Amino acid sequence: LRVILRQINEKDAYTYGHSERVMEYSVQISNALKLEVGTIEQIALSAAFHDVGKCEVADSILTKADKLTNEEYAIMKKHPIHSRKILEKRFGSRIGKIVEQHHEREDGSGYPYGLTEDQILYEAKIIAVADSFDAMTSKRIYSAPKTFEEALQDLKSTPNKYNQNIVNILVELVKNGAIKQR
């Protein structure tokens, strides 16, 4: 695990910090949902390493400041598959499937497979909300961060993409100060 974390940090410091925050948000959401301890542990592990497959993406794509070309975006969209392959060897197929599905969306607009609602694991839906929230509220090479309120509004305004029960839990965690803007 330390080797993988070091590789992620060396390749892309943003991804490393992002993964820590996604894990933190995912665990807080899972605790608020009162999920079983074993499930929360799977979510924590999956969230911490959800982007490990980015190690397989060329630096020129991963750190590109401009908009990705269609070809580059197609390569980037394969990182969940790479993450699954890396993690399932060490942690089993359930963890692999969770990380593989973290970019899937309820309406089928996600990737890599265009899964919909019941085809997506609940654990992956939690990570999807936490991942999107952190991506929106973090400074990226290609975009300025949104406020927490703006990001929450974006998540709430797309009920066809994100599980709204999970989004509502995140809203409550921000409202009551359990998750604070840094």
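## Contacts along the chain

In this predicted model, contacts between residues at least 6 apart in sequence were sorted by their separation along the protein chain, and 61% of them join residues at least 24 apart.

## Overall make-up

The protein chain contains ten helices and zero strands. Read from the N terminus, its elements follow the order α-α-α-α-α-α-α-α-α-α. The radius of gyration is 15 Å, close to the 16 Å that the globule rule gives for 182 residues, so the protein chain is as compact as a globular protein of that length.

Along its principal axes, the C-alpha trace spans about 40 × 35 × 30 Å. Of the 182 residues in the protein chain, 47% are buried.

## Helix α3 against helix α7

Helix α3 covers residues 37-48, and helix α7 covers residues 93-100. The axes of α3 and α7 come within 9 Å and cross at roughly 55°. That angle makes α3 oblique to α7. The crossing of this pair is right-handed.

On the α3 side, the contact is made by Q42, L45 and S46, and on the α7 side by R94, I95, I98 and V99. By class, the residues of this contact divide into four nonpolar, two polar and one charged.

## Helix α3 against helix α8

Helix α3 also packs with α8, at an angle of about 50° and with the axes 10 Å apart. The two helices are therefore oblique to each other. In this pair, α3 passes α8 in a right-handed crossing.

The residues of α3 in this contact are T39, Q42, I43, S46 and A47, and those of α8 are E123, I126 and I127. Sorted by class, the contact of α3 with α8 has four nonpolar, three polar and one charged residues. Q42 and S46 of α3 take part here, and Q42 and S46 are also listed in the contact of α3 with α7.

## Helix α8 against helix α10

Helix α8 spans residues 122-137, and helix α10 spans residues 164-175. Their axes come within 10 Å and cross at roughly 45°. That makes α8 oblique to α10. Here α8 passes α10 in a right-handed crossing.

From α8, the residues Y122, K125, I126, V129 and F133 meet N165, I166, V167, L170 and V174 of α10. The contact of α8 with α10 has eight nonpolar, one polar and one charged residues. I126 of α8 belongs to this contact, and I126 also belongs to the contact of α3 with α8.

H18 is found in helix α2, which runs over residues 13-32. Is H18 buried or exposed? Its relative accessibility is 2%, and residues under 20% count as buried, so H18 counts as buried.

Which residues is H18 in contact with, leaving aside its neighbours within four places in sequence? They are H50, D51, D131, D134 and A135. Among them, D131, D134 and A135 lie within the residue range 122-137 of α8. Helix α8 is also the partner of α3 and of α10 in the packing described above.

Notes:
Residues are numbered from 1 along each chain as its sequence is written. This is a predicted model: local features need pLDDT of at least 70, side-chain atom pairs count only at pLDDT 80 or more; totals for chains, interfaces and linings use all residues. Side-chain values use heavy atoms; hydrogens and water are left out. Axes are lines fitted to C-alpha atoms, for helices over the stretch in contact, and angles run from 0 to 180 degrees between N-to-C directions. Helices (H or I, at least four residues) and strands (E, at least two) are DSSP runs, numbered from the N terminus. Angles under 35 degrees count as roughly parallel, over 145 as roughly antiparallel, 65 to 115 as roughly perpendicular and the rest as oblique. A crossing is left-handed if the near helix is turned anticlockwise from the far one by less than a right angle, and right-handed if clockwise. Contact means heavy atoms within 4.5 Å. Ala, Val, Leu, Ile, Met, Phe, Trp, Tyr, Cys and Pro count as nonpolar, Asp, Glu, Lys and Arg as charged, and the others, Gly among them, as polar. The radius of gyration is taken over C-alpha atoms; the globule rule is 2.2 Å times the number of residues to the power 0.38. Buried means under 20% relative accessible area, exposed over 50%, partly exposed in between (1.4 Å probe, protein chains only).
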